[in-house]
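Work through the exercises below with the sequence and the model side by side. Each task is followed by a stepwise solution.

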Amino acid sequence: MPKADMLLLGVIVGAKGIKGEVKIKSFTGIPEDIAAYGPLQDASGKTTFNLKVVSLSKGLPVVRIKGISDRNAAEALKGTELYVSRDKLPETEEEEEYYYADLIGLPVFFQDGTKFGSISCLHDFGAGDMLEIVPEGKGAKAAVLVPFTAEMVPEVDVSTGRVVVDLGEDFFEIPENPEKA
């Protein structure tokens, strides 16, 4: 199945116990819902995983995978990304709700219509989502992280493939160090 039709739902981060259970970093809204979408696949699409959530450990789902029954087999899966077919996911319900995968690659414009760059990635470091934007042009600097808030990103139109940012005049200025002033 083409990668564009698959969405990343989680990553196996390690073994839990001796009976083959694994901990998963889940990218679903409710972490333990990772098993609600049916069988998941690895990145190649060749291996299928049937998951059953058995508990939570520090906010991470602990799951049993059919066919994995000991710690060694569980440890061998560490780092495995778990994908689901796009058609198994529900449509977004709210106007300002998006799947990360829908935003990757979209062009980003300033409010005056000037193209800024394109979204290369989204991050959640714990304090809210951040858009990683690769600026346009040869002299472009490194990627820029922009808070994914209504104030900074007032327009997202997935259907037309357009994102608008309002970064403010001082966004790219380096603040003066008060200790050296």
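How do the residues of the lining of the largest pocket divide into nonpolar, polar and charged?

Solution. The model is predicted: local features need pLDDT of at least 70, side-chain atom pairs count only at pLDDT 80 or more, and totals for chains, interfaces and linings use all residues. Residues are numbered from 1 along each chain as its sequence is written, and side-chain values use heavy atoms, with hydrogens and water left out.
Step 1. A pocket is an open set of points on a 1 Å grid over the protein atoms alone, where a 1.4 Å probe fits, with protein on both sides within 12 Å along at least five of seven lines; lining residues have an atom within 4 Å of a point.
Step 2. The lining of the largest pocket has 31 residues, and L8, F27, T28, Y99 and Y100 lie nearest the centre.
Step 3. Of the lining, 18 residues are nonpolar, 6 polar and 7 charged. Here Ala, Val, Leu, Ile, Met, Phe, Trp, Tyr, Cys and Pro count as nonpolar, Asp, Glu, Lys and Arg as charged, and the others, Gly among them, as polar.

**Exercise 2.** Find which element gives the most to the lining of the largest pocket.

Solution. Step 1. Helices (H or I, at least four residues) and strands (E, at least two) are DSSP runs, numbered from the N terminus.
Step 2. At least two lining residues come from each of β1 (6-16), β2 (21-26), α2 (100-103) and β9 (115-124).
Step 3. β9 gives the most, with 5 residues.

**Exercise 3.** Describe the largest nonpolar core and the contacts of I24.

Solution. Step 1. A nonpolar core is a set of buried Ala, Val, Leu, Ile, Met, Phe, Trp, Tyr and Cys residues joined through side-chain atoms within 4.5 Å; buried means under 20% relative accessible area (1.4 Å probe, protein chains only).
Step 2. The largest such core has 17 residues, and those with the most contacts inside it include I12, V22 and I24.
Step 3. β1 supplies the largest share of this core, 4 residues.
Step 4. Leaving out residues up to four places away in sequence, I24 touches residues including I12, L51 and L82; contact means heavy atoms within 4.5 Å.

**Exercise 4.** In which sense do β1 and β2 pair, and over how many bridges?

Solution. Step 1. Two strands pair if DSSP finds at least two bridges between them.
Step 2. β1 and β2 are antiparallel, over 6 bridges, and A15 stands opposite V22 in β2.
Step 3. Their hairpin has 4 residues between the strands, and G17 takes a positive phi near 80°.

Technical notes. Buried means under 20% relative accessible area, exposed over 50%, partly exposed in between (1.4 Å probe, protein chains only).
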